[in-house]
Amino acid sequence: MRSMHASANRSSPTLLSPSVGFAVVAAVYALVAAWRLDLPGVYMDEVNPDYLVVKLLNPDHAPIVGWVLRGNYLLGDRVPWLVQLYHGSQTFWLGLPFFALFGTTVEGLRLTHALFGAGVLAALYWLLLCARLAPWQAALACGAVALDPSFSYAFRTQSYITLAGDAWLLLAIACLLPSAHGPATARRLFWSGAWAGTAIVGYFVHAFFVPALAAGAWWATRTGDARSARRKRGAWLAGCALGASPYIVGYGLLARAAGGIAPAWSFIVGQQASLHAFDSTLGAAERLAYAWRMVVGVVSNAWHHAMMFGEWAEVPGTAAKLALLVGLPGVLLAVAAVCRRATFAHVLLSALPVSFVAVALGFGGRLGGHHYVTLLPVFYAALAVGLAHLAPIARAGSAARRATVAAPLALLVALNVDAQVSEGRTLAATRGVGLMSDAINRFAADINADPRKRWYVFPDWGLALPIAFLTRGSVGITSGDDVAQARSRLCIGHDVAVALVEGDRTARRNDWTGRLGWDAPDVVHYTQGDGKVVFDVLGYHGRADGPGCAIATPEAPMAAGSARSD
């Protein structure tokens, strides 16, 4: 039991200072993050909820969509609180000053999200230092993470919002660890709970780590008198409540907007039913197989590869990466237990993935790789801590001890460099496919260059939010199949563009033209790198004496500054 709190031996020579170590990590990550900022195209969920910043940065914005939880869009539909029942608006607020600095462009989006990644690396680095690793060990581990394509491409896809919350999770873990002066204090436990709650508000999947964190909080407070233990455990719980309090406020706003607790509950039940969160029909074995596939998809970057390129393909060296990141930490823990060298940090970091997967199994196949990617920094941390804490078996200060830590991490660095080159070549050659192709970027550039400032209708999922962001809200946007409003716009002389992504676009174009009762539109095809059409944009020219105006539904155009809140 006492060995669980044993601190790692740090008698090896200091090869670099903590600040220099992180500077090296930051420089490595900057090289990866800055490469081809324009690729792939801006995906819908990559910019949600960040697209809402245009309402603050552009006070004269045109009417655009605003997908925010009912009752949670404040101050004239400009300030979001909870975006959905299961996550808040942290990336909106954290990104706002950087979008003001960099602009609401593809490059501005990628730079801002890269800074979120830098925050995760900083938290991981601090965690490893708190776990008694030498700065060079922490820098090597964090450098391997920075080079991992699954990490770097997370911040170019929808995974950014889930992985960004790992910064808070890693801080929560660090605050649980004993310091050089003894076990964690009540103050540190409070902050551990607060960071854990904050991570859950960032995205609900961080709650999957709470069973392990709670067990860690209990273990960290088991020594000393019972009164002190209760006070420390109470501090951790109080911190959790404070960190998660935005949910309480947000649900209160929902209840106020719905007219009471009962209507709000009915709304929540309806939302959950529409998401089919717990409707998976997979059996126990199938759930385990699916969870393993998601873990493989994260470690191998196959998940992000499939999003960007439309095919599930693992990076070179995936088998070795799985062995190092998923298998080796458990082996090291077993050896440490036999040798009575298991440390609290090692056990806690090894328990966190188990906790996550155990809860995730309840969702069956309803979760994806963008949820499981939250495991990635934890895998690296467990490996680094396991290596560093077991290394004292070798002679203290010896080259053998340093090699015990350095060799596996250096192998990961080499594998990740090779994987970055492989993924980078594919990205440069294809520029992404489908709704992650640069067709979306070119579409936004064309809109920005068009002096007509047409009204844009997006019946299909995938374009509304990127266009709202990349145009800084300078054009009106309607999402959904709203023919009546499109016709009313045309009949006041406002040109209208309708973008079609799905199905038989020719048949749908004819259907739209017929329902509008309008002249045949101009058609622009936006293609991906191989020439395949991703979406069509139909351009209708507005005029007061248009052919469909006689059947137009009397309807006032949407007032500037309004938005739809879902």
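**Reading a disulfide and its surroundings**

Student: Why is the disulfide of Cys491 and Cys549 called left-handed?

Tutor: The torsion about the S-S bond is about -115°, so this disulfide is left-handed. This is a predicted model, where local features need pLDDT of at least 70, side-chain atom pairs count only at pLDDT 80 or more, and totals for chains, interfaces and linings use all residues. Residues are numbered from 1 along each chain as its sequence is written, and side-chain values use heavy atoms, leaving out hydrogens and water.

Student: How many disulfides does the structure hold?

Tutor: A disulfide is a pair of cysteine sulfur atoms within 2.5 Å. The structure holds one, with an S to S distance of 2.2 Å between Cys491 and Cys549.

Student: Where in the chain do the two partners sit?

Tutor: Cys491 is in the loop between α22 (483-490) and β5 (496-500), while Cys549 is in the segment after β7 (533-540). The pair links distant parts of the chain, 58 residues apart. Helices (H or I, at least four residues) and strands (E, at least two) are DSSP runs numbered from the N terminus.

Student: Is Cys491 buried or exposed?

Tutor: Buried means under 20% relative accessible area, exposed over 50%, and partly exposed in between (1.4 Å probe, protein chains only). Cys491 has 15% relative accessibility, so it counts as buried.

Student: What about Cys142?

Tutor: Cys142 is in no disulfide, and the nearest cysteine sulfur, that of Cys130, is 12 Å away. With a relative accessible area of 0%, Cys142 is buried. Cys339, by contrast, counts as partly exposed because its relative accessibility is 37%.
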